Amino acid sequence: MGCNVAVLVSGSGTNLQAILDAERARKLDAVVRLVISNKADAYGLQRARKAGVRALHVSTKTEGSFDGVAKKMLQLFAEEQIDLIVLAGYLKLIHPEVVRKYSRRIVNIHPALLPKFGGKGMYGLKVHEAVLAANEKVSGVSVHFVDEVYDRGPVVAQRTVPVFAGDSPEDLQARVLVVEHRILPETISALACGQIPLGK
Ligand code: GRF
């Protein structure tokens, strides 16, 4: 028996797709019950609908305010009896009230080895550009618990990815993404299976 998962996305949602594919292949010890995006046209919403998962646009545009977004999210999480919230390319900060209510039940995936190369504004190609500019020989993927500060909460799982001479940011991004697509379903299953304590 898995737990109920909500996935939050802002963009194309290839990580969401990896989770949905793992679920379909019965390799996920969890059920994706809900997908939320702050963008009405995020492709991730279409991916969810194709898989028959409830998918909603929730943003300050639809709810009027940051507080309104939190209220709507909490209502949806309660309706779907969500145990674990996965941020898979979600670019907005999670409201402190949601973080408090779901303490140690929200994880984020970040395409570098945190605590390096994280923080506000560090997303997409900018992360990989920074890794290359710092001449790192190794990058990677981090899945971490979410708190009120971008990319700061404790790391749950981490995997390294080599950086090769002559890599462009796009090359590194592509190599890292392959690992993201593996680590995220695995970590969700591990959390759902209780291999990694969820805390309180
Ligand atoms: C990924 O690189 C993830 O680590 C970061 O945002 C990107 C989302 O990609 N947080 P996708 O939307 O899952 O394709």
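Q: Which residues touch the most other members of the largest nonpolar core?
A: This is a predicted model, in which local features need pLDDT of at least 70, side-chain atom pairs count only at pLDDT 80 or more, and totals for chains, interfaces and linings use all residues. A nonpolar core is a set of buried Ala, Val, Leu, Ile, Met, Phe, Trp, Tyr and Cys residues joined through side-chain atoms within 4.5 Å, where buried means under 20% relative accessible area, exposed over 50% and partly exposed in between (1.4 Å probe, protein chains only). Of the 40 residues in the largest such core, those that touch the most other members are V7, V35, V86 and I188.

Q: Which helix supplies the largest share of this core?
A: Helices (H or I, at least four residues) and strands (E, at least two) are DSSP runs, numbered from the N terminus. Eight residues of the core, its largest share, come from the element that spans residues 169-193, helix 7.

Q: In which order do the elements of the chain run from the N terminus on?
A: The chain has seven helices and seven strands. Read from the N terminus on, these elements run β-α-β-α-β-α-α-β-α-β-α-β-β-α.

Q: What is the distance from a nitrogen atom of the ligand to a polar backbone atom of I109?
A: A polar contact is a pair of N or O atoms within 3.5 Å; within protein, one must be able to donate a hydrogen and the other to accept it, and residues adjacent in sequence count only if both atoms are side-chain atoms. On the oxygen side of the ligand, a backbone N or O atom of G13 lies 2.8 Å from one oxygen atom, and an N or O atom in the side chain of T14 is 2.5 Å from an oxygen atom. For the ligand nitrogen and I109, the distance is 2.9 Å.

Q: Is H128 buried or exposed?
A: H128 is found in helix 6, residues 125-133. Leaving aside residues up to four places away in sequence, H128 is in contact (heavy atoms within 4.5 Å) with P111, P169, L172, Q173 and V176. Because its relative accessibility is 2%, H128 counts as buried.

Q: Where does R26, a residue with a positive phi, lie?
A: Most residues other than glycine have a negative phi. R26 is not a glycine, yet its phi is positive, at about 60 degrees. R26 is also exposed, with a relative accessible area of 77%. Its place in the chain is the loop between helix 1 and strand 2 (30-37).

Q: What is the omega of the peptide bond from L114 to P115?
A: P115 is found in the loop between strand 5 (106-110) and helix 6. The bond from L114 to P115 is cis, with omega near 10 degrees.

Methods:
Residues are numbered from 1 along each chain as its sequence is written. Side-chain values use heavy atoms; hydrogens and water are left out.
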